[in-house]
Structures are given as structure tokens and as C-alpha cells.
Amino acid sequence: MKKRTSRILFVLLLLVTFYLVSKVLSVKSTHGIEQKAGMYWQPRNSIDAVMMGTSHIHCNVNTGLLWDEYGIAAYDYSGAEQPLWMTYYYLKELYKYQNPKVILLDLYAPARFKEDYQYTWIAENIYGMRFSLNKLEMLSVSVEPDRLFDYFPSFLVYHSRYDDLEAEDFENFFWNGEQLENFKGYTPYLLREAQTCPHVTEKEAGGFSEKSLKYLLKIIDYTKKKGTKLILMVAPYVVTDEDMRTYNQAAQIARENDLTFIDFNSCYDKIGLDFDVDFNDESHLNYWGSCKFSRYLGKLLSDDLSLPDRRGEEGYESWDENARLIREYVSNSSAVQD
Amino acid sequence: MFVSFMFPVFLITAALFYFAAPGKYRPALLFAFSCLFCSWLGLRSLFFVFVLSVFTFFAARLIEKNRLCAHPLRSRIWSVFSIAFCLLLMAGYKYIPYFLQVRGLTELVPDPVLGHLAVPIGLSFYLFQAIGYLADVSAGKCSSETNFIYFGLYMTYFPKFVSGPIESFQDFVPQLSKLRKLKFLDRGRLSLAFTYLLYGYFMKLVIADRLSPLVGVIFEAPENFDSLWLAIGAFLYTIQIYCDFAGYSFIALGCSRLFGISLTPNFVTPYFAENITQFWRRWHVSLSRWLRDYVYIPLGGNRKGFWRKCVNTLIVFLLCGMWHGAGLSFVAWGLLHGLFCVADSLLKKRGKKLPFSRLTTFLEVAFAWIFFRASGLGSALKYIFLLFTCGIRPGQTQEILKTLNLDLIEILVILIGILLVFLMDYHGYKNHMLFPELVQEKDNSVRYMIFYVLIILLFIFGIYGPGYHTEQFIYMQF
């Protein structure tokens, strides 16, 4: 009996320690990992609009503003340079917990990155997803077999983070759930870097790689099966003619599949973007630019799609808190910058 | 191979098949898995060990047959021929590439040929086993094996294939006939196996692999360091090589215990030895025994007077150095140990003892390791020259720490890791037992606490997997 008790205690102690250590050491990053990990903490079936794609989503779509001004319960479920084959598996992961009314998919990744395996920012797109068969399937299409153990299991990577820890690493436990729930994916950038307004003339369509096209069609099929409206979009940035070829092809695909396609690069003026002050860099809007864009996007979502105004509803308190935290962060950071 | 992420998968699969199979098939199954392991290392490895096993198996049969049929000369001829063949094979593989390199002829040899000249993995270990077996059969110390599966397993057994221990046939093969009765749920055996594995992996992954890059940087360019850091480098290498080789050996022992086979413990707290002779009874025990049984004793051992004993000792250590590697630095390392042993014998003869015997022995060993680690004799001599002449330059410390990529946490991890190994070894040494065996005698609660600490330390501080590289996560653009 005593032997059995000490054995059970040993296993329990080991499991608890593994949990604590894993939570402390696991990689935290607001460029993909936190966006994916945060989704698990959202109230079940509470999100109405999910934005997917690359950093163009979590830097440009201000979920706090969408809530403050339109009452849209939106979530930026994106990751740095996330290719469409990873987006597809994140979409499947999303439906285990949520049943959104609309999904907005940004197409910057297939326009800019053509390789069948993209490793540069792959870490941001792996470590936020919990272990599941879905994750294994995602890895099997995202990583060449001989490089699998460079990324899986995750603890092979993060176990050696012990000399890189910061205070926030100790706020990642289940009892900090409320804090994790308050994060809705948006990551504001606060630099102001003047850009030149592009004038693209490309009319030809083409540019999707075979793999990207295959997974875009899979995403379209999957959302149709789930009965969710899918909008293909391009968030504003300094677009090039080369990228435009892919967007022209995306517009064709949207028409063929009876989907809405919106290239927000074609309406800089309507959005009200000022190229002198609204960009963080040529690829991302800064906070002030993201507010203009999100205001424009929010109006479109609430007018055209009649997304419900959830403000004041029970179970949506975390969106209030998310908006407050963003305002607080920007105000503190701006004060420091000033 | 033990640190490969696939090895646990291989080990668990082998154990599952092993315990699911009827008892009488277990040796055959282990042989099959050992062949699979060898082929995992490369088909060339499997080919070599298999051909050598067949050769040795039949050579031993012939030696014994002729001996028993009153043909001692024929038996002797077969014995000399087969042992000489093994020795030539080893000398060829160890020294032909070395001489080609020394003479600058490497570029003249086509790449595929050079590839074939590389030493097959594990060759030094299983060739010594083959030689020992042939010598024993020839001397009538043991009968030749009639079951090729048993003999094949003796040669290829995967826990010891890559780096030993060099098992004697008489110790290894009799265990095989007892395997059929082995039960999986024998908690004593499983617990011991687990402790060996845990201790071995701790030494290897937490300490040896952590020190390896530091030692590499210091030995690569000793001119960039002052005497203090060169001394630290030599000390760290002394710890690294111990934790690396002993760690590997403990993992081998643990794996083997899982299958119910005991292997020779190769490392018995060697750095607690009081003289070099004692050190070699505790360091790479299976090699020391082999050299004693098949070189030292046949040369006359200590039976032919003191000076002959000294000469025999020097010959044994010269061979020991040459076995470890080709090159003058290995010869120097071996001879240095031989000279230390002769000095021990002289002191003993005069009824004296080394002052601060343990510390002095440790320093002797650490000094000799410089020859072992350096890339050649010239590099070793340069290291030693700098160690004793370049003095201490405190102003350089920050720069050196940066070069070695050492911060406070890393230094603490290294110091605590070394301290833990020291304490575990000391505990074992005081109780005349290896630490994993000692753990089995503790209360369950103490045993589980030891497991807990080692597992958590291994999990966090072990050097395994791709590790965390900040640059992977510093989001620069897009």
C-alpha cells in the first residue's frame, strides 16, 4: 500500500512539474504562437468573425476597435508568413471550439512566398497548436520528413529556454486563463515609417503555386461544408505588380466559387490611409493605420454581413477587456515614445 | 546512437517483441534486432560484423577441433592465423588512413576508396572480443560456441556494439540460456535498468554534451586563453570525457538489463582512484581487463622481475594508446599513463605513497587527457606550453566568457551538474557500489525523489533536440 502510494505520488508530482515547467518554458510570441494558443481560451462558440492569414492580419485588424465601434466579436487567428496549407489545418482546429459566422482569409502568403516548404517563420506557426492528429497532419505537409524532429515534439525546442525567461513566462498557467482569454490576436505596431503609394498596373492572373492553390480550394470546400461565409481579402500594404498577379488569380477563383474577394489595396483612399504616417513598414500598418483600416472593415462587416453587436452580452466581457488593454498598451507605449 | 530521438522507439519496440515472443526465441530475436541496429548505423557496419562473426565462429570451431583431435600444431596455426588476421584488420583500418593523411596522399586516393578505408563503427570493440574468444578457445579456457545465433549475438549485441563494454565470451554467452525464463515485470531489474539509463543520460546529455562545445573552443585556439582558462579547459575535458563515455556505458548497461543481460560496468568511480594503477581498474574496466588477460599476462606480467614488469606495463599502455587512435598524441597519452604506472610501482616498492594521492592522480589523468583531446602531438605540446607560460589575464575574462557563450545561469548549470555527479559518485565510492545499484537499496520515497530530480534536470537542462534559438522567433519583417 505504502509502495503504491509513493508510486502514485511520484507520477503525480512528475506530471504537475512537467505541466508547470512546460508552461514556463514554452515559447511565447505575439506573432503567431499566442494567437493560436489564445484561441483555446476563448469562450466556446463565441467568435463571430475570424481573420486568418499572415501578420497582415494580426498587425492590421484591430479586434479592440472592431469591438468598441461595432460590437463585433472578432479574433485574429493568424501567424507570421503562414502558408495556406497551415491555415487549412488551423481552420480545422478552429472548428473544434468555435463556429464563426464569417472567415476572412488574407492572401498575402501565396502572393509573396512560393516555396512548397517555408521554414523562415514556421516556428511561429507550429508551437501554438496543441498536440493532436490535426497537428501531425499539418506537420506532415509543412515540414520535410528529415526535418520533422527539428520542430516536433515542441519540448525539443523550448526545453532549453531556461536562460531566456521573462516575467510573462510565469503568467501562462491555467489559473491565468482570464488573461489568456482577453487576448484576441491583435498585435499593434507603433512605428511611423513613411511609404510611397504604389501604382500597380498588372492585369494578368497567375502566381499561385500548385500547393497553395490546392489548399485554397480545400479551405473553400471546408468552409462551404461548415456553412460559414468565406471572404478572400488582401489587407492593405505597399503592393507590387508581382503580388498583383496572384490577387488577380484569387479574384478569378473567388468568382468561380461564388465568393467575395476584396483587395483593400485598391481602396487606400476610401480607407483614408495616409502613407506618411499610417505605416509601420512597407508590409504592415501601424496602430493608427490599423484603426483606419479596421473601422472601414468593421463597417463593411456589420453593414453587409449583419454581424451582431455583442456589446453588453453576457460571456463577451473579455472583448471589453481586450479593447481596454490595447488602448492602455498604446497609450503607455506612446507616452514612452513621446 | 543512444541520443538519437529514434533510439527510444527502437528500444521499446525491441522490448515489446522480446517479451511477447516465446522464451526460446529471445536470443534469436535479440540477434535480429542487433543486426537491425547495425544496419541502422550503415549496411557496411552490418556487413563487417557479420563476416567477422562467421569467420571467428568457424575459426574457433577449427581451432578446437584440431586441438581435441590431437593436432596441436594445426590448432596453433589456425589460432595464430585467425588472431593475426583480426589484428591486421584493426591495424589496417586504424593506421592506413592515418599514414595516407600524414604523407599527404589522401587527395590521390579516390573518394569511394577513402570511404571504404574509414573504420567501421564498433570495429575496435568487437575485434577485441573476437581476439579474446579465439585466444580462450585456443588455450582451452572455453569451448567454441556451436550455436551461431548465440555467437552472433555476442558480437553484435546492440547495447554494447558501438562503444563496448568489451565482454568476455564466458561472461556473456552463459546468460543467454537463462533468458527464456525472464519475466518482464521483475521490478528489481526494471528499476535498476531505469536508473542506469537515467544516470547515463544525465551524465551524457546534461554534462558531457554541454561541456563539449566549450572544450572544443578552448582546445581549438588555446592561444586566445590565459593559463587559468587553459587549466579550466583541461579540467572540463576531464569531466566531459568521463561523463560522455561513462554516461554511454551506463545507458548500455541499462538497455541490456532491460533484456536481462548484465554487462561489465566499465566505469567504477575512476576519479576517486588513489593512483594510476587503481585508476585503470576503474576506468574502461573491460578494456583494462582485456589488455591484462591477453597482453600483460602473456608477456609475463609481474612474474619476471620488477623491471620486466615495468617494460610490460609500458608495452600495454603503448598498445592502449594505439588502440584509442592513430597518431603520436595517442602514443604519448598511452606512454604517459605507462610512466605514471611505473612511477606508482617504484613508489610502492619503496613503501611510499603519492602525496594527496587522489588529487595527484586526478591531476595526472587530467594532464594526460590534453594529449588525448588535442588534434595532434604538436597541438598538445603547444597547449601545455601555453598552460604553464602565458600567465593570468583577468582583464580578458568578460571577452572569454562571451567567446565561450557562458552566462551566469550556464555556469551555474555546469557547476551544479558537476557537483551532482561528484556527489553521486562519492556516495557510490563510499558504499563500494555504483550509484544506480546504490539507489536500489534506498526507500521507495528516496528512490523516487532521485528519479524525479534526475528526470526534471534531464528534461530542462539536457542538450537534445534542435534547442531554442531566439533568432527563430525574432520577428524581423512580414
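What radius of gyration would a compact globule with 478 residues have, and what is the value for chain B? In this predicted model, chain B has a radius of gyration of 24 Å. A compact globule of 478 residues would have a value near 23 Å, so the two figures agree. The C-alpha trace of chain B spans about 75 × 55 × 55 Å along its principal axes.

The secondary structure of chain B consists of 21 helices and 0 strands. Of its 478 residues, 40% count as buried. Contacts in chain B between residues at least 6 apart in sequence were also examined, and 73% of these join residues at least 24 apart.

Helix 5 of chain A covers residues 84–94, and helix 10 of chain A covers residues 210–226. Their axes lie 8 Å apart and form an angle of about 20°. Because angles under 35 degrees count as roughly parallel, helix 5 of chain A is described as roughly parallel to helix 10 of chain A. The crossing of these two helices is left-handed.

On the side of helix 5 of chain A, the contact involves Leu84(A), Trp85(A), Thr87(A), Tyr88(A) and Leu91(A). These residues meet Lys211(A), Ser212(A), Tyr215(A), Leu216(A), Lys218(A), Ile219(A) and Tyr222(A) in helix 10 of chain A. By residue class, the contact between helix 5 of chain A and helix 10 of chain A comprises 8 nonpolar, 2 polar and 2 charged residues.

Notes:
Residues numbered from 1 in each chain as written. Chains lettered and ligands numbered in written order. Predicted model: local features only at pLDDT ≥ 70, side-chain atom pairs only at ≥ 80, totals over all residues. Axes fitted to C-alpha atoms, helices over the stretch in contact; angles between N-to-C directions. Helix = DSSP H or I, 4+ residues; strand = E, 2+ residues; numbered from the N terminus. Parallel < 35°, antiparallel > 145°, perpendicular 65-115°, else oblique. Left-handed = near helix turned anticlockwise from the far one by under 90°. Contact = placed C-beta atoms within 7 Å. Nonpolar A, V, L, I, M, F, W, Y, C, P; charged D, E, K, R; others polar. Rg over C-alpha atoms; globule rule 2.2 N^0.38 Å. Buried ≥ 20, exposed ≤ 12 C-beta atoms within 10 Å, placed from the backbone.
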